[in-house]
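Work through the exercises below with the model open. Try each task before reading its solution.

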Amino acid sequence: MVRTFAARTSVPVKILVLLSQVPDTTARIAFTDGNTKFDANGVTFIVNPYDEWYALVRALELKEAAGAGSVTTITVGGADTEATIRKGLAIGADDAVRVDVQPTEALQVAEQIAAYAKDKGFDLIMAGKETIDHNGGQVGGMVAELLDLPYVALASKLDVASGKATIERDVPGGVEVVEVALPMVLSAAKGMAEQRIPNMRGIMAARTKPLTVVPPAATDNVAHTASFELPPAKGAVKMIPADDAGKLIEMLHTEAKVI
Amino acid sequence: MSTIVFIDTRGEKLPKAAQETVTYASKLAGGPVTAVTFGGAAGLESLGAQGAGKVIVARDVTAVDGQQLTKLVLDVASKEGANTIVCVHDGTGKAVAPRLAAKLKAAHVAGAIGMPEGDKFKRNVFSGKAQAWLQVTSPNKVISLMPNSIPVGKDGGSASVEDYHGDLGPVRITVKEVRKAGGGVPLPEAELVVSAGRGMKGPENWGMVEELAKELGAATACSRPVADMHWRPHHEHVGQTGVAIRPNLYIAIGISGAIQHLAGVNQSKVICVINNDPEAPFFKAADYGIVGDAFQVLPQLIEAAKKLNAER
Ligand SMILES: Cc1cc2nc3c(=O)[nH]c(=O)nc-3n(C[C@H](O)[C@H](O)[C@H](O)COP(=O)(O)OP(=O)(O)OC[C@H]3O[C@@H](n4cnc5c(N)ncnc54)[C@H](O)[C@@H]3O)c2cc1C
Ligand SMILES: Nc1ncnc2c1ncn2[C@@H]1O[C@H](COP(=O)(O)O)[C@@H](O)[C@H]1O
């Protein structure tokens, strides 16, 4: 039998989205235990915005466009991450995986994800640009290296057709359009998709979608956070009257010496 | 064991962030370091002033393919017997440093903001709302340095420059097109930034913002709603979900100072806020403030900046 692909604009892909849990963007940042631990007291946790708004939503759009394929999420974290994982399922992921270990450092997280993904045949692995608590932008690239796959960081547009991804990536002073054969890994930045609010049906469905908990693999221990610091408090603000605004430029020149 | 530094020199000029990073690497090593690069802007030998003894350049590599660049850096690292690799925490660094770390089973300090204390490196966390000291315990280290973290060194001599001739394997990421988004100062590297928000009312009013930026030699930035409404290009959006910057001067005009905005700019050395609402939260994070209408204040600032330029 001859199969023809001519009519297809997109093909089904098997996608893995890396989903992390972070404190809400308005959370009060404070530390306990002699500044060695984040104070989670009263803090709401959310899905990392880059993972949710861009990576997950674009993955779902690709699946919808192809009318087939699958979107799995993976989270490295304890049982306390299950509520945010369900949010990903409510938005539309087919199933979720949780690697049952506390994340301590980027390479540890990447090694867990690579250990899970290595023999599953994902076509596309999508991370967020960075977590808004750790701000590393590391995990995606590390997973790519561990799986010997190409990696495009800071992707702001993504299309998939005939086994290839076409991606726009942010570069200094512009964007570059690049093409990469699947399988590959990318990190998703603003522009890739628009945030989706889960509807009631999605929330109901999420309750019964599979969330598989897998035991952690052995990983390397290369670094840990020794302590945290809060930035020093700002001195009092110097006010300049609006009708003498030009004075600001003078003060920036002679007093602050920044211009 | 020694230290090498990896930088992207594809432009016409040597990027400031690359010069900072070479300075950092040679301070870390306590002497001259080998720099490995691709592209090859004019004046590579001048990196000697920042502490490069030798610069090895892969001239045929013109695009960021993380696997090729990782191969390049690892090859030089093994020839030099290096266990520490320093790079810039920019798009190129983000494509390569995590790969190097995974390959070398090394800690990756993503976005160091100063010299370490022993093996403890300081970096921003919680989108600049706090800093963390990362204790590195692995023998190999990969450090990417945040732009604008240390002054550019000027003391060394001239570096020798050699071409790299090695097989970097196939290109797996093909560049189809490059779209430049206007000239001006690139935001992450800018020392001075003039930024405006929804208080400017509409895109037609940005002429004044651009004029002030031009007079000061500053880059322009904006708040997220401004980019979302397409008043300004997306790459100007600063904050928690946009670009994080740490310039010497950040002037915020008609921006309320929401926590997500502050997260991307609160590392600026001097912050000036212009807002017609005295209760705007941004004043709490400011060094200088003007309570007033942007449309009255901006022309005065432009005039004062012109005057200052005329005097210099
Ligand atoms: C998860 C999340 C992530 C976010 N990430 C970001 C981010 O990265 N960056 C970001 O910027 N925002 C971000 N936001 C949005 C943020 O919460 C604010 O909504 C946004 O910063 C407000 O932009 P603005 O200050 O321009 O507008 P507004 O809040 O509308 O403020 C306009 C200001 O202009 C002043 N003004 C009005 N007229 C004048 C005048 N004539 N002269 C002088 N001043 C005037 C007003 O007093 C007001 O203070 C995020 C929000 C969420 C929920
Ligand atoms: N614990 C985690 N579990 C799953 N994915 C993660 C985890 N931490 C980070 N990631 C993914 O890696 C991206 C970059 O994270 P980071 O390197 O921490 O900035 C995030 O946007 C996520 O997509």
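A residue is near a molecule if one of its heavy atoms lies within 4 Å of it. This is a predicted model: local features need pLDDT of at least 70, side-chain atom pairs count only at pLDDT 80 or more, and totals for chains, interfaces and linings use all residues. Residues are numbered from 1 along each chain as its sequence is written, chains are lettered from A and ligands numbered from 1 in the order in which they are written, and side-chain values use heavy atoms, with hydrogens and water left out.

**Exercise 1. The ligand shell**

Task: find how many residues surround ligand 1, and which are the closest.

Solution. 
- Step 1. Count the shell: 28 residues surround ligand 1.
- Step 2. Pick out the closest: Lys201(B), Ser223(B), Thr241(B), Ser256(B) and Gln260(B).
- Step 3. Check the chains. The shell draws on chains A and B, so the site is shared between them.
- Step 4. Sort by class. Ala, Val, Leu, Ile, Met, Phe, Trp, Tyr, Cys and Pro count as nonpolar, Asp, Glu, Lys and Arg as charged, and the others, Gly among them, as polar. The shell then holds seven nonpolar, 16 polar and five charged residues.

**Exercise 2. Polar contacts and cover**

Task: which side chains and which backbone place polar atoms by the oxygen atoms of ligand 1?

Solution. 
- Step 1. Set the cut-off: a polar contact is a pair of N or O atoms within 3.5 Å; within protein, one must be able to donate a hydrogen and the other to accept it, and residues adjacent in sequence count only if both atoms are side-chain atoms.
- Step 2. Take the side chains. An N or O atom of His237(B) is 3.0 Å from a ligand 1 oxygen. For Gln260(B), the side-chain distance is 2.7 Å.
- Step 3. Take the backbone. A polar backbone atom of Ser256(B) is 2.7 Å from an oxygen atom of ligand 1.
- Step 4. Read the cover, using Shrake-Rupley areas with a 1.4 Å probe. On its own, ligand 1 has 980 Å² of accessible area, and the protein covers 80% of it.

**Exercise 3. Salt bridges between chains**

Task: which residues of chain B form salt bridges with Glu145(A)?

Solution. 
- Step 1. State the rule: a side-chain nitrogen of Lys or Arg within 4 Å of a carboxyl oxygen of Asp or Glu. It gives 33 salt bridges over all chains.
- Step 2. Find Arg99(B), whose closest N and O atoms with Glu145(A) are 2.6 Å apart. This pair runs from helix 4 (residues 139-147) of chain A to helix 3 (residues 91-104) of chain B.
- Step 3. Check burial. Glu145(A) counts as buried at 14% relative accessibility; Arg99(B) counts as buried at 0%.

Key:
Helix = DSSP H or I, 4+ residues; strand = E, 2+ residues; numbered from the N terminus. Buried < 20%, exposed > 50% of the residue type's maximum accessible area, 1.4 Å probe, protein only.
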